[in-house]
Amino acid sequence: MTKEKIEKLFFQHKTKDQLIEEALTSLSALIGNALAGDDVNKIKPLLPPKLQPEDIGVKLKTVCIHLENNEHETPCAEVCIDLIIERTEQELGTYSLYYNEQSEQIDEELNLY
């Protein structure tokens, strides 16, 4: 099956690009909140000292479809983004959002190195 056919089947409700934009927006809010807001997720202590939001670069790592996954009962799409400290090119971590077949967010994962 071609890539286009698979995408057409799974991304019926929102396009792959729309899910990527949602993931970037969610990541931006999460990091912004951690560095300049309430830090409700308690992320700031895990980040390098004096890190500012503008210091963080992002790079799309993968968009993949999981047909079977131990953590999710139904097939899902994952949008995974690498976080990088731009001035040093140091990898900071990865951020993933998971979507069900209706393009609804079902899970979120931030792994900091």
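Buried means under 20% relative accessible area, and T94, at 7% relative accessibility, therefore counts as buried. The views below are all taken from a predicted model.

View 1. T94 lies in strand 3, and its relative accessibility of 7% places T94 among the buried residues. When neighbours within four places in sequence are left aside, the residues in contact with T94 are K61, C80, I81, D82 and L83, together with E109, L110, N111 and Y113.

View 2. The strands form an open sheet of four, in the order 1-2-3-4, and their pairing is antiparallel. The edges are taken by strand 1 and strand 4, each of which has a single partner strand, so that one side of each is left without a neighbour in the sheet. On average, and with direction ignored, neighbouring strands of this sheet are turned by 15° against each other. Helix 2 packs on the sheet and touches strand 1, strand 2, strand 3 and strand 4, while the direction of helix 2 makes about 125° with that of strand 3.

**View 3. The pairing of strand 3 with the strands on its two sides.** Strand 2 and strand 3 are paired in the antiparallel sense over nine bridges, and E78 has Y98 in strand 3 as its bridge partner. Strand 3 is also joined to strand 4 (residues 105–112) by seven bridges, and these two strands likewise run antiparallel. Here Y99 has Q105, in strand 4, as its bridge partner. Strand 3 and strand 4 form a hairpin with five residues between them, and S103 in the turn has a positive phi of about 65°.

View 4. For I56, once neighbours within four places in sequence are left aside, the residues in contact are I31, L35, L51, L83, I84, E86 and L92.

View 5. Most residues other than glycine have a negative phi. D39, although not a glycine, has a positive phi of about 55°, and D39 lies in the loop between helix 2 and strand 1 (56–66). E89 is also a residue other than glycine with a positive phi, in this case near 60°, and E89 is found in the loop between strand 2 and strand 3. Is each of these residues buried or exposed? D39 has a relative accessible area of 11% and is therefore buried, whereas E89, at 66% relative accessibility, counts as exposed.

**View 6. The aromatic pair F10 and F11.** The count of aromatic pairs comes to one. The ring centres of F10 and F11 are 5.6 Å apart and their planes stand at 75°, so the pair is edge-to-face. The cut-off behind this assignment is that planes over 60 degrees apart count as edge-to-face. Both residues of the pair, F10 and F11, are buried.

Definitions and conventions: Residues are numbered from 1 along each chain as its sequence is written. This is a predicted model: local features need pLDDT of at least 70, side-chain atom pairs count only at pLDDT 80 or more; totals for chains, interfaces and linings use all residues. Side-chain values use heavy atoms; hydrogens and water are left out. Contact means heavy atoms within 4.5 Å. Buried means under 20% relative accessible area, exposed over 50%, partly exposed in between (1.4 Å probe, protein chains only). Two strands pair if DSSP finds at least two bridges between them. Rings of Phe, Tyr and Trp (its six-membered ring) pair if their centres lie within 6.5 Å; planes under 30 degrees apart count as stacked, over 60 as edge-to-face and the rest as tilted. Axes are lines fitted to C-alpha atoms, for helices over the stretch in contact, and angles run from 0 to 180 degrees between N-to-C directions.
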